[in-house]
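Here is a short report on one protein model. Look at the structure first, then read on.

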Amino acid sequence: MNGESVTVADDGSHTFTFTGVNPQCMGDTISATLYATNNSVEESVSKNDYSVRQYCVNQLAKTTDATLRTLLSDILAYGACAQTYMDYKTASLVTSGGDIVSPTYSSFTALSGLSATFSGTAATGLDWVGASLTLTDGVAMNFRFYAASTSGLSVKVTLDGRTETFTSFTSLGNGLYEISFTGIKANEFADTVSASFYRNNAKLGDTVSYSVNTYVCSKQADSNAALANLVRALYNYGASAAAYAG
């Protein structure tokens with residue numbers, strides 16, 4: 001584990017949190033090995049029999065909570081669509097197999113009227129070019145912009161009271177730059193993500209606002225059927241996660 005969190009309970013037990021499971025890998029076995037030194041002898045114990053899919057299957061078999069059952073089912077549906085979109089182990093989709101007890105997948109309702117919005121007055125030499133998502137390794141929101149100069153420039157991205165400040169940008173050439181914002185929770189897919197320019201810590205220019213569901217709205221009927229199915233499944237997963245979170 002690199003950079004993952006460890007929680008220690010009052011009883012001394014440790015919980016290790018690993019977040020690096022891409023959606024198309026929900027069926028892959030997660031292996032964990034614990035190392036310790038006992039009287040100068042290194043010992044280890046491994047666990048190699050768990051996956052996101054297995055967790056969902058286990059929970060579906062024992063819970064009667066309707067909102068949780070829908071969430072678990074929609075997680076699996078999203079994983080299967082990600083497998084198809086990424087062409088990853090499509091012969092064994094996570095939604096297949098007789099061990100899944102009565103999944104209750106959500107039906108998709110088409111979205112309308114969602115688009116990026118802008119507030120404030122544009123500044124000379126700065127311009128928002130576009131916003132989009134990357135879905136290959138989870139959900140990342142990308143903001144692309146033009147800047148005549150990046151000297152002293154930063155971009156602050158805010159979601160649900162959390163703010164991340166970017167001071168380095170991916171150059172795309174000809175004054176175009178891009179930043180990628182991650183860490184969007186499933187129950188926040190409908191929430192607004194706002195990005196603003198700052199120079200030498202002073203806000204300037206306009207602010208662009210976007211959401212995961214805005215992207216879903218634009219791609220829900222895409223000519224690439226695998227992408228259309230993926231964003232629909234992503235929406236259902238987000239909606240069921242929000243419903244379960246209350």
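## Helix 1 against helix 2

Helix 1 passes helix 2 in a left-handed crossing. This is a predicted model. Helix 1 covers residues 52–62 and helix 2 covers residues 66–86. Their axes come within 10 Å and cross at roughly 150°. That angle makes helix 1 roughly antiparallel to helix 2, because angles over 145 degrees count as roughly antiparallel.

Which residues meet here? On the helix 1 side they are Val52, Arg53, Tyr55, Cys56, Gln59 and Leu60. On the helix 2 side they are Arg69, Leu72, Ser73, Ile75 and Leu76. Sorted by class, the contact of helix 1 with helix 2 holds seven nonpolar, two polar and two charged residues.

## Arg53, a buried residue of helix 1

Arg53 lies in helix 1. Is Arg53 buried or exposed? Its relative accessibility is 13%, so Arg53 counts as buried. The cut-off for buried is under 20%.

The side chain of Arg53 reaches the backbone oxygen of Ser96, at 2.6 Å. Arg53 also has contacts beyond its neighbours within four places in sequence. These are Met26, Gly27, Leu76, Val94, Ser96, Gly97, Asp99 and Ile100.

## Tyr78, a buried residue of helix 2

Tyr78 sits in helix 2. Its relative accessible area is 4%, so Tyr78 is buried.

What does Tyr78 touch, leaving out residues up to four places away in sequence? The list is Pro23, Met26, Gly138, Val139, Leu230, Ala233, Leu234 and Tyr237. Take Met26 from that list. Tyr78 and Met26 are 52 residues apart along the chain. Their C-alpha atoms are separated by 9.5 Å. Met26 is in contact with Arg53 as well.

A loop runs between helix 2 and strand 5 (117–119), and Asp87 is found in it. Asp87 is not a glycine, yet its phi is positive, about 55°. Its relative accessibility is 61%, so Asp87 counts as exposed.

Ser102 is found in the loop between helix 2 and strand 5 too. Ser102 also has a positive phi, near 40°, in a residue other than glycine.

## Helix 3 against helix 4

How are two packed helices described? The angle between their axes and the distance between the axes do this. For helix 3 (residues 212–219) and helix 4 (residues 225–245), the angle is about 145° and the axes are 9 Å apart. Helix 3 passes helix 4 in a left-handed crossing.

Helix 3 brings Val212, Asn213, Tyr215, Val216 and Lys219 to the contact. Helix 4 brings Leu227, Ala228, Val231, Leu234 and Tyr235. By class, the contact of helix 3 with helix 4 has eight nonpolar residues, one polar and one charged.

## Ser196 in strand 12

Ser196 is found in strand 12, which spans residues 193–199. Ser196 has 9% relative accessibility, so it counts as buried.

The side chain of Ser196 makes a polar contact with the side chain of Thr207, at 2.7 Å. Not counting residues up to four places away in sequence, Ser196 touches Trp128, Ser154, Val155, Lys156, Lys203 and Thr207.

Notes:
Residues numbered from 1 in each chain as written. Predicted model: local features only at pLDDT ≥ 70, side-chain atom pairs only at ≥ 80, totals over all residues. Heavy atoms only, no water. Axes fitted to C-alpha atoms, helices over the stretch in contact; angles between N-to-C directions. Helix = DSSP H or I, 4+ residues; strand = E, 2+ residues; numbered from the N terminus. Parallel < 35°, antiparallel > 145°, perpendicular 65-115°, else oblique. Left-handed = near helix turned anticlockwise from the far one by under 90°. Contact = heavy atoms within 4.5 Å. Nonpolar A, V, L, I, M, F, W, Y, C, P; charged D, E, K, R; others polar. Buried < 20%, exposed > 50% of the residue type's maximum accessible area, 1.4 Å probe, protein only. Polar contact = N/O pair within 3.5 Å; in protein donor to acceptor, adjacent residues only side chain to side chain.
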